[in-house]
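Take a walk through the structure shown here.

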Amino acid sequence: MFGQGCTTVRHAVPTLESSALHLCAHAFSYRRYVPEHRHLVHQTALDARHRALGARMIPFAGWEMPVQYRGLVEEHNAVRSAAGLFDLSHMGEIFVTGPHAAAALDYALVTAPGKLAVGRAHYSMICDDSGGIIDDLIVYRLGGERYMVVPNASNAAAVAAALQERLARFDATLDDASMRTSLVAIQGPRAAAILQPFVGVDLKTIKYYSGTQTTACGVPAILARTGYTGEDGFELFVAWDDAVRVWDTLLLAGAEHGLVPAGLGARDTLRLEAGMPLYGNELDRNTTPFEAGLGRLVSFAKSGDFVGRTALERAKDHPRKTLVGLKVDGRGIARMGYPLYLPAAPDACGSITSGTASPTLGFAIAMGYVPVGRSTVDEAYEVGIRSQRASAQVVPMPFYKRPT
Amino acid sequence: MEIPENLKYSSEHEWLAPAGRTAKIGITGYAAEHIGDIVFVELPKVGTTVIAGSSFGVIEAVKSVSELFAPVSGTVVAINERVAKEPELVSADPYGDGWLIEVDMSNDGEIAALKDSAGYRDLVASLPE
């Protein structure tokens, strides 16, 4: 009993995997505690709330976070059918401000944040000189000269450092507000109805991938219509301690709508169904945006140089691998690191990056990297699941798309 | 946390219910709770030899895969066919309908190496959460 998630190594004491949600070992959270390092683990402002709700807490990217409350599948289903409330205060919040903030971010990121209208946001990436992905992130244009960049928790420090360096030649300043900003997300078809009475803005005027400064539950908030679940939903960036008021208010008011607190476990299965990549799984420094199927993000058309441009121009036509979505037959789950084979081939040609039993679809899904030219829909593969092989087929992503 | 007094326990969170030469094996309530939503259970065929401390199967949950370790050595004489179809039985009733396999023990002396309920309760109490 209790082998390690991905590798089934007995008695393994998992290290604190700073990246992304390798929740494969979640159930065994108690083994992930490293007591002598406890003081290095941050707690969010909602820590006591999670514990009072009976959450199972796990170390994640340097934080103690709730992986689940009453049950992953129950929370997952609540987000698809009603709403879920997430504490995402581990995420980074980096403000870039100044007359050249737009130009600085155009230089630092692969997208063109300078083209964003005030109040709008987009998904972006920060790459290194060789075109490898340092992180994927969301950029919000809060004002003509003011942006908020939201990186993954595991990469927040690296992103802040890279941005700081890239901003040096511009009239723009960086403020890493990660440790004084909480993030509460409400996601699901009932999110707008639950949230509307408590915010100082008509939510109908907030488009998908927009954000605005307003009030929420009586406290100042940056309210954005963004998320990582494949559902409609909102993210509320508030001062550290204000998260408690937002959390309590929404949890209470949302109960009659079917809102439940949801942990990182459900967040991972929700994003996977929605075909969204996770840094550390699908994305890393050895992967270019083109290989991850996100080449559309890279704006070669923008004026001026940007970090990674030369390498990315070359990488565009020379992908080494391609990310695909897979439907896996049988009841086994293709997990991160499991090998992918062409049918009956002796040697692996790729590997799984994420996989789960899809609660919404009722079958096993996965993402993985396969050889270039072998990524068309219906292409057949086999996944090595322990000593056996399960057949799998390439399917279009996202696996799940919300009803419109 | 339910820890029945009449069972023997391994440090790997399996329970053993000896009855003469044979014994039923399952996972404990603590294990079931920590594994979460179980997707399926992979069990050996009847007639397979299992060895104390070695893997005899796997439990797949949405977010984890856990190996099952035999608390004693022997030959599998029965498997719980119901959990193959209804894996959630393992979570719902780990000591009852969620049992996993029954073995004909080759060395019942191995039972002495297992914990009684008090010993297992101490083990669980020593684990975080």
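**Charge pairs and helix packing**

A:Asp268, A:Arg271, A:Glu282 and B:Lys63 are joined in a network of salt bridges. A salt bridge here is a side-chain nitrogen of Lys or Arg within 4 Å of a carboxyl oxygen of Asp or Glu. Over all chains, the whole structure holds 23 salt bridges.

The model is predicted: local features need pLDDT of at least 70, side-chain atom pairs count only at pLDDT 80 or more, and totals for chains, interfaces and linings use all residues. Residues are numbered from 1 along each chain as its sequence is written, chains are lettered from A and ligands numbered from 1 in the order in which they are written, and side-chain values use heavy atoms, with hydrogens and water left out.

Two further pairs join the chains. A:Arg56 forms a salt bridge with B:Glu33, with the closest N and O atoms 3.7 Å apart. A:Arg56 sits in strand 2 (residues 56-60) of chain A and B:Glu33 in helix 1 (residues 29-35) of chain B, so this pair joins two chains. Helices (H or I, at least four residues) and strands (E, at least two) are DSSP runs, numbered from the N terminus. A:Arg56 is buried, at 8% relative accessible area. B:Glu33 is partly exposed, at 45%. Buried means under 20% relative accessible area, exposed over 50%, and partly exposed in between (1.4 Å probe, protein chains only).

B:Glu42 forms a salt bridge with A:Arg386, and their closest N and O atoms are 3.2 Å apart. B:Glu42 belongs to strand 4 (residues 38-42) of chain B, and A:Arg386 to the loop between strand 19 (380-385) and strand 20 (388-395) of chain A, so this pair also joins two chains. B:Glu42 is partly exposed, with a relative accessible area of 25%. A:Arg386 is partly exposed too, at 28%.

Now look within chain A. A:Glu64 forms a salt bridge with A:Arg51, the closest N and O atoms lying 2.6 Å apart. This pair links distant parts of the chain: A:Glu64 is in strand 3 and A:Arg51 in helix 2 (residues 47-52), 13 residues apart. A:Glu64 is buried, at 3% relative accessible area. A:Arg51 is partly exposed, at 36%.

Which charged residue is buried yet has no salt bridge? That is A:Arg267; the nearest side chain of opposite charge, A:Glu235, is 4.8 Å away. For charge, Lys and Arg count as positive and Asp and Glu as negative; His and the chain ends are not counted. A:Arg267 lies in helix 8 (residues 264-273) of chain A. Leaving out residues up to four places away in sequence, A:Arg267 touches A:Phe86, A:Leu88, A:Met91 and A:Tyr228. Contact means heavy atoms within 4.5 Å.

Helix 8 of chain A also packs with helix 3 of chain A, at an angle of about 55° and with the axes 8 Å apart. Axes are lines fitted to C-alpha atoms, for helices over the stretch in contact, and angles run from 0 to 180 degrees between N-to-C directions. In helix 3 (residues 72-81) of chain A, the buried residues include A:Leu72, A:His76 and A:Val79.

Helix 4 (residues 101-108) of chain A has seven of its eight residues buried, so it is largely enclosed by the rest of the structure.
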